Each structure stands twice: as structure tokens, then as C-alpha cells.
Amino acid sequence: MPIASVPLSWYLILGAALFWVGLYGLLASRALIRTLMSIALMLNAVVLNLVAFARFVEPARTAGKTFALIVYAIAAAQAALGLALLIAVRRPHSTVAVEGTDVLNRAPRVVDEGKR
Amino acid sequence: MLISDYLYLAPVLSLLAGALLILLLDLLADREQMGRWGWKAALASGLLALGSTFLLGDAPVRVLNVLAYDVFTAYVWRLLLGALVLLILLGESYVRSHTDEPGLFYALLMFFAAGALLVAASTNTMMLLLAVELLSIAGTLLVGFLHADRRATQGAIRCLVYGSAMTAVMALGFSWFYGLTGTTDYALTSEALSGLWGSSPAPVIRPIALVPVLAFVLVGLVVKTGSAPFHHWLPGASDVSGGFVGASAPVAASLAILPKVAGFAALVRLTLVMLPEALDLHIVWRWPLVGILAVAAMLWGSLLGLRQHNIKRLMAFSGIAQLGYVLIGVVLATEAGLSALLVALTAYVLAEMGTFTAIAVVSQKMPLDLVSDYRGLYRRAPLLALGLLLFILSLFGMPGTAGFIGKLWLFTETFRAGYIGLLILAALSSVISLGYYGRVVRAGFMDSDAGMAPVPVPAAASVVLIAMMVGVLVLGIFPNTWLRWAQAAAQVFFASG
């Protein structure tokens, strides 16, 4: 089937399906990465809707396509923020040197006390 | 033409310029210099923005085709910028004692406020989405600002996840509106929607099919701006951002004030400009959709407030109930109802600003923020106790305070419009709220202060406190000029139609 003859409703049904899959993923998962991916799926559903509408409702003008680009920009900003927060959560555990040395210093001492 | 458009953006631009300047200075200057000069730079650009709104005149202008500057925008902008200036003053002592990146805090606060200004003025769904996103990203970063504290980061993650999901929900609603009308401008959408169902061969889609779309837009906007019952995270966030350092009441205050005021302005514009009044859609939007939110916010806020022992959480729930009353103004959607909404919103800002200042001062000393920490406050810090009493009376609606004027007018208009059920629920919620307001007042004035240390009040905080006390009383006793201004702001939407 050529692309041109795919009706608008198919795009919208696909968009709605994507959106609900994303929403399900958001509600069902606890891991932050998977949550962020689900949100990206929801935003992609919105973009699909917008582009399909732009193609069928007003092919001569650009409002819908601009809107789609803006939604992409927003999705990118959110993903960046999410990853930054992820790093902020992980950092205290993995790299803070002061804590690490503290633990290392303490461990032999406990062993020493056991020996005495 | 374009140049004069940017002239009307002066308040937003001066905030953004201030934020960027502070970020730049942050690179050049050392920490101590930033601590000394950062808040002054922020204050200067906040005052510049506030001052520039007084030079712009009252004539309605469309700015760059996506924003509207009129008396309503001017009212909301001045409210927002006034709050921003006080928040910078309030943030000063917090920033100095609790973070080593003072510049970043002010820059974020100003991006946050710039987002709020744009939300309040936008007349295009694309612009609204972008502005809401600026607001919520800056807000998320403010919540997570103390990233050494894990609880602050977790609060920020919660903000991000809920917020982004709601962006998607709201954007989906807007995409459907765009698909139906082929435009993203509010006024053009309104015309197209009237044309859609006004024409004689009625289209296949009935207006009622748009109800889920309306619900998506409403839920998205309301959760993003934190103005109604869905935002479980807001009491959590204001608590979490407190963390162990305690004195992050400035962050809690900015979350409680700026996005909500902006969100209400956006809601009013959506209701009155985008959804044509002749359509069934307009009625469905006001009642049941917004109406149910109002009822849920009022009851949920006052009932759950009763169970709180942490004063920040208590005030967060009280704020939810307060905004439930303000939502009634959107349900009414009349000229008088809208003026009453603005008046009640202003009273809310004054009282909330004052309360959070008092909480900020006390939590410097006692970071747990328990209501029992306020025992015998009138002996330990008379100014704080008196201020807290006045703000709580204003939130409850005692005659002689600004809150009374707002509540009285809202309830009168509700009665006049015939929403008796709504009025009864609002009154009921008011009475319930007396339960927790009473607890704070009793702790402050009746319980003994045995074993409690006096609380020193920093100069900046007492300036904010006294200004808010004077504001609450003056607007409560001589409200005439203020009411006329609110009426003029509300007329914007009704003069032509």
C-alpha cells in the first residue's frame, strides 16, 4: 500500500496506542531509565499525532511541524535533566573520594581490633 | 513593529539577562564575592523587571503573535515579580548558609520566574507548552538544588517524572485541538471550533467527544503548575527539599507561589479565549471538569491538612484548599467572578509569602518544622508570632484582612451564579480548615514556652514579614483601589465580546 493512501485515522490509532503503552510503562516500572523511556514514548505519540495532522489538515502551512519540533526540543531537555539527576543520585555512592578513603581506613582497624 | 514587541517583553528579558549575567559572573568571581554580589544582581534585575511593567501602559497588545500584554497580564506580572523580589530577599540568608553555589540558585530562580511570566501571558498552545516547560525544568532544578542531600535529588526526580508525563498528556490534548482546528492560536481555535459545529451539515464528531481532550489539557496544566489535588508530589517536594538543612523554605515558597499564580492566569485565558462560550464545550469545561477539581482540592486539602504535624506539609495542604476556592472563580467565568479570583489569588500570595517567611526563620533554629516547635512563639519571637497569626487569619478569611475580601467576594458571586452546592462545600472546607489553623495558633499563643529557646529574626526576613503584614491589613481595610484594579483586569476578557 503506498504511503499516500494511508488514512489519517491509522496514524491517530497508532499514536494513541503508543501513548497508552508509554503511560503503562510509566506506571508499571520503578527504574528511572525505563520511566524516562516511557515518557519519551508518550512524547513520540504526540509528535506522530502532530505530524499526521499537519499532513492532512493543513499541508500548506507549518504550524503543526513547528509544534512537532518544539515537542522534540522539550523531550530532549527532559531527557538531559533526567540523566543529570541520575548522575546526581549515583555520585555519592561511587566517586566521592572522602567517603571512600574513610571506609578504607576504617576496615583494617576493625580487623586489627579482632586480632588483639 | 518587532522592536516594539520586544519592548513589551522587557520584564521577561530583564529577568533572563539577569540570570545569564549571574551565570557569567559565577564563572569569573569566587564564591565569597558571589555570596556578596549575587543576590544584589538578582534583586536589581527583579526590580528592573517590576519597574518596567509600570512603563508599558494599559493598552492591550499582541506580542510576537503568541503573547498578550493587557491589564490582566500586567496585574499578574506585577504580582509574580513582587513575589520574586521578596523571594530573593528571603533566599539571601538561606543561600549564604546552605550552599556553595549562590549564583546558580539566583539564576534558577530567575529562569523560574521568567517561565511563570510567559505562562501567564501566552495566547498560543505552542507558547504555553514551551513556557510551562521552562517553568517546570527550572522548578525541578530548584527542588534538587542541594544535590549533596539525597532527599532533595529524589524530590527532583519525582518532579521530573510527574512533570514530564504531564507535559506529554497536555501536549496530546493540544495536538488534538490543533488537528481539529488547524491552528494553535487561542482566538483562532475558538473561531474554528465555533465554525466546526456552527455549520449546517454537522460534522461526525460531536462536541462531547472532545471531553477527554479537555480533561487531558486541564489535568496537564493543573498538575504542571501544581494548583490542584493531583500534585501529591508538592507537599512531598516542599518537605523533601527541606531535607536535613531545613531552611529551604524559600524554595518551598517559590514552588507554592509562582507556578500557581501563572497557572491560574493560563487557565483563565484558556477558559475565556480558547473555548467559545456559545459551545457546549465551554460549559462542560467549567462544570463538571474544573468544578470537580475545585471540590476535590478544597476537601482533600482541608481533610488531609488535619493529619499533618509538619508545618510545611500543613501549609502545603492548606494551600491546596485555598486554591480550590480560587478555582471557583474559573467555574463562574463571569466578569465579577474573575475579579474575585484575582483578589483571592493576591490575598493568597500575601499570606503564603508571609507564612513561609516565618517558617523559614523558625526552621533555621529548629529544622524539623514540627507544629510543636512553635510552642509559646509569642514569647520567643513576638513579631513572628503576630505575623503568623495575621496570615493564618487572612487564609481563614477573618474580616479586616485581605483574605476576607477575596473569600467574601468569591462566595457572593458563587451564590449569585446559583452554585449552591459548591458554596456549601466551600464553607464546609473553610470550617474544617479551622481545625489545623487553630492548632498552629494554639501552639504559638497558648502553649507555654518552657524549655524552648528564643528565635532570632534576620533583618531581611523581618522586612518581608512587616511588608506582608502591612499588605494584608491595608488591602483588608482599604480595598477600594485594589478592587477597581482587579475589575479593570477582568474586564479585558469581556469588553469586546
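Of the 497 residues of chain B, 60% count as buried, where a residue is buried if 20 or more other C-beta atoms, placed from the backbone, lie within 10 Å of its own, exposed if 12 or fewer do, and partly exposed in between. The model is a predicted one, in which local features need pLDDT of at least 70 and side-chain atom pairs count only at pLDDT 80 or more, while totals for chains, interfaces and linings use all residues. Residues are numbered from 1 along each chain as its sequence is written, and chains are lettered from A and ligands numbered from 1 in the order in which they are written.

In chain A, buried residues make up 25% of the 116 residues. The secondary structure of chain A comes to four helices and zero strands, with helices (H or I, at least four residues) and strands (E, at least two) taken as DSSP runs numbered from the N terminus. Chain B, in turn, has 20 helices and two strands.

The C-alpha trace of chain B spans about 80 × 55 × 40 Å along its principal axes.

Two residues are in contact if their C-beta atoms, placed from the backbone, lie within 7 Å. On that basis, residues 24 or more positions apart account for 79% of the contacts in chain B with a separation of 6 or more, and in chain A 47% of the contacts between residues at least 6 apart in sequence join residues at least 24 apart.

Helix α5 (residues 102–121) of chain B takes part in two helix pairs, tabulated here with axes that are lines fitted to C-alpha atoms over the stretch in contact and with angles that run from 0 to 180 degrees between N-to-C directions.

| Helix pair | Axes come within | Crossing angle |
|---|---|---|
| α4(B) (residues 71–98) and α5(B) | 10 Å | roughly 165° |
| α5(B) and α11(B) (residues 249–274) | 7 Å | roughly 20° |

The angle makes α4(B) roughly antiparallel to α5(B), whereas α5(B) and α11(B) are roughly parallel to each other; angles under 35 degrees count as roughly parallel, over 145 as roughly antiparallel, 65 to 115 as roughly perpendicular and the rest as oblique. The crossing of α4(B) and α5(B) is right-handed, and that of α5(B) and α11(B) is left-handed, a crossing being left-handed if the near helix is turned anticlockwise from the far one by less than a right angle, and right-handed if clockwise.

The residues in contact between α5(B) and α11(B) include Leu109(B) and Phe112(B) in α5(B) and Ser254(B) and Leu258(B) in α11(B). By class, this contact has 12 nonpolar, two polar and no charged residues, where Ala, Val, Leu, Ile, Met, Phe, Trp, Tyr, Cys and Pro count as nonpolar, Asp, Glu, Lys and Arg as charged, and the others, Gly among them, as polar.

Between the chains, the contact takes 26 residues from chain B and 29 residues from chain A. On the side of chain B, the elements that give two or more residues are α6 (125–143) and α7 (150–181), and α7(B) provides the largest share, 15 residues. The residues of that side divide into 13 nonpolar, 11 polar and two charged.
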